[in-house]
Amino acid sequence: MEVRVGESLLCLAVLSSVFCVDSVLGKYVKGIVNTKEDWVFLTRFCFLTDFGRLDFRFRYPKSRCCQNILLYFDDSSQWPAVYKRPEKNCYQKEAVLRPENNQVINLTTRYTWSGCVVEGDGNEEVLSCVGGRSFRSVRERWWYIALSKCGGDGLQLEYEMKLTNGQSFWTQHFSADEFGILETDITFLVIFSMVFLLSCYFAYNLKGRQLLHTTYKMFMTAAGVEVLSLLFHCVYWGLYARDGVGSGSLKILGKLLFSISFLVFLLMLILLGKGFTVTRARISHSGSVKLSIYMTVYTITYVILFIYEAEFFDPGEVLYAYDSPAGYGLMGLQLLAYVWFCYAVLVSLKHYPEKQPFYVPFFTTYTLWFFAVPVMALIANFGIPRWAREKIVNGIQLGIHLYAHIVFLAITRPSAANKNFPYHVRTSQIGILLSSPKGGEGAESFPHHAYGNSSFLGDSQPNFTELFSIQSDPVKTVEETVARKGPEVPRNSEQKIITTAADLTSILPPPPPPPIPPRPVVRSPPLPPRLPSFTEYFSMQSGGGGGFGSKA
């Protein structure tokens, strides 16, 4: 289901990018404004203290003169005081700007710094304005660019802007809140690739011992998809660093793969919490239905939030995903998943307390994982400066995902020293348990056993645990053997086989006379007149209350 939903979402994103009028795919921004409003928002950028630069090119009909480019910064008296404030008119929104800071660019020939000249375009004259503006401030600041013409008949403008921070490949086209994202993604791509390769090596060892279960394959899938997600993100940011535009489809695909990796890992945690491949061979029918409904609702809600973020994300008000209704929805869904995870783990420990060496560290470490992202997002909303939140949140989020993968890799490593190893039943034995004549509800659960990590011995040491593995051939009972080879054996009221002590002297032939020795020897003592009851030594003793061969 996740794949079908992902394909639909990707197609929707591609269609949205094709039919979008304005091109705002990076910090190289261009588009056309044609509206009846007198004040509109264009774009935003976080400039450095000394290296911020805006290069622009504007064109509009001279008959629609005169329009203004307004530069707001993130002070509470500036942008927050005018954006999404319907009670303020155009003149009041312009009044908060400070003329001494050169925050207004008049797009007219009378304003020298605008670089405007009159050009002919067929039968119509147009104003073409080409110029630039440098930004300096005491700290990194968000700057918001708007267009206005107060008291006019609307706005009409063709614009093209390039916003940069210095000349370095790693900073030029990046907003200050995006500094370090490319380097961070490359670093985590290398680390996650190593984790994935190590999981493949562990899987090879587990497969050789018939312990490569479905849940471990799900972990490998989540790690592999995470690597692909980081790869697409790195390619996107690399192209973006080169030309300031990048490829929006690559970024959307990277986010989609990141979501799929998260959902697969979350499903794996819930299945392990319910004991799948650890204490049971399969989930019950009712449990499978509940889990399917839950994950379907979770996936659909996740996709709805993803579409909301992509289509209704307001760049003039929201700075990153978790500072939006969609972000708060994601945090709520993760907490809801944690409730399911807790319930599943507690039920498994109730029925299999011997699995505490696995479930106690498993529950503790992933409790931190479930709460890490929501707590981090809340701290980011109220404790981290706006111009630094996106890069900090990106690094912390990737670190949390890496923590989750490394912990699972550690507790499932195929080593005799690993006391937390969860699996003790081999994959071949699961099929035998499920196909047994008494399968059904009883076959879903594994026998109570500790761990199979003692089987991970060196190749130079004998593996004695193979002696105690479950055999594929059915074992015949004493009753089946007796019933097949002879008449029915008498039993008492407790259905126990009756064995008696018999005098065999009357049945056995007399012993042959001793041979005549060549020379006199001392004769051995004569045999006793009665032989002992040998049936006592060959009868099957009972280990419990219902054994075979007890003496009558």
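Q: How close do the axes of helix α4 and helix α10 come, and at what angle do they cross?
A: Axes are lines fitted to C-alpha atoms, for helices over the stretch in contact, and angles run from 0 to 180 degrees between N-to-C directions. Helices (H or I, at least four residues) and strands (E, at least two) are DSSP runs, numbered from the N terminus. In this predicted model, the axes of α4 (residues 181-208) and α10 (residues 389-411) come within 11 Å and cross at roughly 10°. Angles under 35 degrees count as roughly parallel, over 145 as roughly antiparallel, 65 to 115 as roughly perpendicular and the rest as oblique. Therefore α4 and α10 are roughly parallel to each other.

Q: Which residues make the contact between α4 and α10?
A: Contact means heavy atoms within 4.5 Å. On α4 the contact residues include Ile181, Phe188, Phe192 and Phe202; on α10, Leu398, Leu402 and Leu409 are among them. Ala, Val, Leu, Ile, Met, Phe, Trp, Tyr, Cys and Pro count as nonpolar, Asp, Glu, Lys and Arg as charged, and the others, Gly among them, as polar. By these classes, the contact of α4 with α10 has 11 nonpolar, 7 polar and 3 charged residues.

Q: What is the basis of the model and its numbering?
A: The model is predicted, with local features needing pLDDT of at least 70 and side-chain atom pairs counting only at pLDDT 80 or more, while totals for chains, interfaces and linings use all residues. Residues are numbered from 1 along each chain as its sequence is written, and side-chain values use heavy atoms, leaving out hydrogens and water.

Q: Are α5 and α6 roughly parallel or roughly antiparallel?
A: Helix α5 (residues 214-243) packs on helix α6 (residues 248-273) at about 160°, with the axes 8 Å apart. The two are therefore roughly antiparallel to each other. Their contact divides into 21 nonpolar, 7 polar and 3 charged residues.

Q: In what order do the strands of the open sheet stand?
A: Two strands pair if DSSP finds at least two bridges between them. Here 5 strands form an open sheet, ordered β1-β9-β3-β7-β6, with antiparallel pairing. β1 (28-35) and β6 (116-121) are at the edges with a single partner strand each, so one side of each has no neighbour in the sheet.

Q: How many bridges join β1 to β9?
A: There are 8 bridges between β1 and strand β9 (residues 155-165), which run antiparallel. Thr35 has Leu155 as its bridge partner in β9, and Val29 stands opposite Met161. Strand β3 (residues 52-61) also pairs with β9 in the antiparallel sense, over 8 bridges; there, Phe58 stands opposite Tyr159.
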